[in-house]
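Work through the exercises below with the sequence and the 3D view open. Try each task before reading its solution.

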Amino acid sequence: MNEIQSNLDTIKGQLSENCTLVAVSKTKPSSAILEAYEAGQRHFGENKVQELTIKAEELPKDIQWHMIGHLQRNKVKYLAPFVHLIHGVDSLKLLKEINKQGEKVNRVIQCLLQVHIAEEETKFGFDEKELIELIGNDEFNSMKYVQINGLMGMATFTEDTDQVRREFKSLKNLFEQFKNSDHAHLQMKTLSMGMSGDYLIALEEGSNMVRIGSSIFGERNY
Ligand SMILES: *Cc1c(COP(=O)(O)O)cnc(C)c1O
């Protein structure tokens, strides 16, 4: 068994049945993705539109592609025909564009709303107040080609595991809070949190989708 396959086995052994593993393949060659594919992995995540579309073109068609990075509006059109899930939705403007491009290809596009949970300032995402505003927004509520399936968040990059846990807890709380809202195209099913450095904490705090790159494919050289 090769290294990628044994890494996958180890991680899968730590995940419960209802947790989806997104293998984050950014910067890695298609040959590495194929190795994971041959071990049964079907969900892959990329953070650059061009890299994602090139890989999707040359790799097996039953791969489910996740866009996990910050998405620029002018690039939505390249993903709309095939993307499985967009994790990083962080504005109404972006949602409008996704809705528009979904309509063009007659596809309801699955999205997660990115929530700003890190105490550090640099990360993208909604805060609680902005989420509440969005959910009450008429324009949002009339979008027919967008389906919100849950929330995504990134914890602060820190050794302080108490802080990381606190941040994941706050995301889980929001997830539970919005579960009870009765919007047709807002369903709280997917809670995407946890990366190589913090997924074990994320799992303990209720994550059901982890995005793992370097622990599967090795360190990235940019
Ligand atoms: C790169 C990336 C990951 C995976 O990071 P690793 O630390 O390699 O597991 C997860 N989520 C997002 C949004 C990323 O950009």
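The exercises that follow concern a predicted model.

**Exercise 1. The ligand and its surroundings**

Task: Find which residues surround the ligand, and sort them into nonpolar, polar and charged.

Solution. 
Step 1. Display the ligand and list its neighbours: Val-24, Lys-26, Ile-68, Met-152, Met-154, Met-195, Ser-196, Arg-211, Ile-212, Gly-213, Ser-214 and Arg-220.
Step 2. Sort this shell by residue type. Six of its residues are nonpolar, three are polar and three are charged.

**Exercise 2. Polar atoms around the ligand**

Task: For Ser-196, Arg-211 and Arg-220, state how far a polar side-chain atom lies from the ligand. Then give the share of the ligand's accessible area that the protein covers.

Solution. 
Step 1. Start with Ser-196, which has a polar side-chain atom 2.5 Å from an oxygen atom of the ligand.
Step 2. Turn to Arg-211. A polar atom of the Arg-211 side chain is 2.9 Å from a nitrogen atom of the ligand.
Step 3. For Arg-220, the distance between a side-chain N or O atom and an oxygen atom of the ligand is 2.7 Å.
Step 4. Taken on its own, the ligand has 390 Å² of accessible area, and the protein covers 90% of that area.

**Exercise 3. Cysteines**

Solution. 
Step 1. Recall that a disulfide is a covalent bond joining the sulfur atoms of two cysteines.
Step 2. Search the whole structure for such pairs.
Step 3. Use the cut-off for buried residues, under 20% relative accessible area.

**Exercise 4. Salt bridges within a helix**

Task: Count the salt bridges, then describe the pairs Glu-51 with Lys-55 and Lys-129 with Glu-133.

Solution. 
Step 1. The count is eleven salt bridges.
Step 2. Glu-51 and Lys-55 form one of them, with an N to O distance of 2.8 Å. Both residues belong to helix H3 (residues 49-58) and are four residues apart, so about one helical turn separates them. Lys-55 is buried, at 5% relative accessible area.
Step 3. Lys-129 and Glu-133 also form a salt bridge, at 3.6 Å from N to O. This pair lies in helix H6 (residues 128-135), where the two are four residues apart, about one turn of the helix.
Step 4. Check the accessibility of the second pair. Lys-129 is exposed at 59%, while Glu-133 is partly exposed at 48%.

**Exercise 5. Positive phi**

Task: Locate Thr-27 and Asn-106, and give the phi of Thr-27 and of Asn-106.

Solution. 
Step 1. Note the background: most residues other than glycine have a negative phi.
Step 2. Thr-27 has a positive phi, near 70 degrees. Thr-27 is in the loop between strand S1 (20-24) and H2, and is partly exposed at 35% relative accessibility.
Step 3. Asn-106, which is not a glycine, has a positive phi of about 50 degrees. Asn-106 sits in the loop between helix H5 (92-104) and strand S5 (109-115), and is exposed, with a relative accessible area of 60%.

Definitions and conventions
Residues are numbered from 1 along each chain as its sequence is written. This is a predicted model: local features need pLDDT of at least 70, side-chain atom pairs count only at pLDDT 80 or more; totals for chains, interfaces and linings use all residues. Side-chain values use heavy atoms; hydrogens and water are left out. A residue is near a molecule or strand if one of its heavy atoms lies within 4 Å of it. A polar contact is a pair of N or O atoms within 3.5 Å; within protein, one must be able to donate a hydrogen and the other to accept it, and residues adjacent in sequence count only if both atoms are side-chain atoms. Accessible areas come from the Shrake-Rupley method with a 1.4 Å probe; for residues, only the protein chains shown count as cover. Ala, Val, Leu, Ile, Met, Phe, Trp, Tyr, Cys and Pro count as nonpolar, Asp, Glu, Lys and Arg as charged, and the others, Gly among them, as polar. A salt bridge is a side-chain nitrogen of Lys or Arg within 4 Å of a carboxyl oxygen of Asp or Glu. Buried means under 20% relative accessible area, exposed over 50%, partly exposed in between (1.4 Å probe, protein chains only).
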